[in-house]
Amino acid sequence: MKKNLLTMAVSLILAGTLLAGCSKKPEAPAAPAADEQPAETPEAPAEEEPAAEGLKIGATIQDLGQFWSEVMKQIETRANEEGNTFTYVSCEDNSSKQIEQIENFISSECDVILVHPSDPDAIENVCKDAREKGIKVMCWDNLMTNSDLNWVIDNVELGYLVAEEASKFIQEHYGDQEVEVAVLGYPQTEVLLEREQGILKGLEELAPNAKIVANQPALDTTAALNATETILQGNPNLKIVCTVGCVRSLGANEAFKAKGITGEDVGIFGVDATDDEMSAILNDEPIRMSAMITGTAKTCGDVVYDMLAGLGKGEEVKEHDVYRDIFAVTKENAEEYYGK
């Protein structure tokens, strides 16, 4: 019995010691030394604002001939340099196709659309739809109503300039002698019809001895070459060709060279002043002059891109209709622009 009481007493003492150990308050940690301050809790990184998306620009043009291809590539280069997107397509001078292309640009939520109309009247409504959705529209070559900016030429005046240069050449080489002349145009397109009208008016007023033996439409270089060959078959004394654009001048130039008609009394006069035309001028080929509008294809690309980017950024448009400068490029000044 005494042994059991002793065992119970020892157990109670041990239990009390354990309880006292569990209830002991922990000692406060020592204060850090002056040169051992606790590290500051790092601040959460500030949320970065999402990078602004670049402008989305779409362009639909009549065709991708040499001049237009060079212009579009320059606009694309500038857009890429500035983090913007530029998409261009050719409607192949088809208004229905061009309307569909503009609708696609609207659906893809472009900020700006550049139109070079096959028929400006045909695309007025779809351009209106684009503007109602907040998309800016720039028109190249036509005085459209549903646009934010028109970049235009007095095309009758431009055609007259072509005739003026041809008339000087006729006077220099033929005097008052009758000379056979052909005109290569494309009346299906309004602006080219206006150029053709300017050419015909200028020849009538400035070169009354010019006998117009043919007035043929030509859409591209191959068509112009074939048309010139056909004209030469019926008019082997053809000496002068006036055209409304570079592809026609280049086609006529190839036709003349193929026939061996390269004398100094033969002349082709046109529009656009592309490098190929200026090369022919500098090499004394039949192309003698081409009217330059604003500048080279590269210059035009830069000017147009700046206007498109300005529209996309919401810059104020001071003039709805902006008229372009036109001037003649001949052998005397072609080197100033060739390859630039």
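Before we look at the structure, one definition: a charge sits over a ring if NZ of Lys or CZ of Arg is within 6 Å of the ring centre and within 35 degrees of the ring normal. We shall need that definition near the end of the first part.

The structure is a predicted model, in which local features need pLDDT of at least 70 and side-chain atom pairs count only at pLDDT 80 or more, while totals for chains, interfaces and linings use all residues. Residues are numbered from 1 along each chain as its sequence is written, and side-chain values use heavy atoms, with hydrogens and water left out.

I begin with the aromatic rings. Rings of Phe, Tyr and Trp (for Trp, the six-membered ring) pair if their centres lie within 6.5 Å; planes under 30 degrees apart count as stacked, over 60 as edge-to-face, and the rest as tilted. Across the whole structure, a search finds six aromatic pairs. One of them joins Phe-67 and Trp-68, edge-to-face, at 5.6 Å centre to centre and with 80 degrees between the planes. Phe-67 is buried at a relative accessible area of 7%, where buried means under 20%, exposed over 50%, and partly exposed in between, with a 1.4 Å probe and protein chains only. Trp-68, at 11%, also counts as buried.

Trp-68 has a further partner: the centres of its ring and that of Trp-140 are 4.5 Å apart and the planes stand at 55 degrees, so this pair is tilted. Because Trp-68 lies in helix α2 (residues 66-81) and Trp-140 in strand β4, the pair ties together parts 72 residues apart in sequence. Helices (H or I, at least four residues) and strands (E, at least two) are DSSP runs, numbered from the N terminus. Ring pairs link Phe-67, Trp-68, Trp-140 and Trp-151 into a cluster. Here our opening definition applies: the charged end of Arg-324 sits over the ring of Trp-151, 3.7 Å from its centre.

Next, the sheet that contains β4. Six strands form an open sheet in the order β2-β1-β3-β4-β5-β11, with parallel pairing; two strands pair if DSSP finds at least two bridges between them. Its edge strands are β2 (85-90) and β11 (321-323), each pairing on one side only. Strand β1 (residues 56-61) pairs with β2 over six bridges, and Thr-60 stands opposite Val-89 in β2.

Helix α10 (residues 297-312) packs on this sheet, touching β1, β3 (112-115), β4 (136-140) and β5 (149-152), and its direction makes about 155 degrees with that of β4. Contact means heavy atoms within 4.5 Å; axes are lines fitted to C-alpha atoms, for helices over the stretch in contact, and angles run from 0 to 180 degrees between N-to-C directions.

Which residues does Gly-301 contact, leaving aside its neighbours within four places in sequence? They are Val-71, Gln-74 and Ile-75. Gly-301 lies in helix α10 and is buried, with a relative accessible area of 0%.
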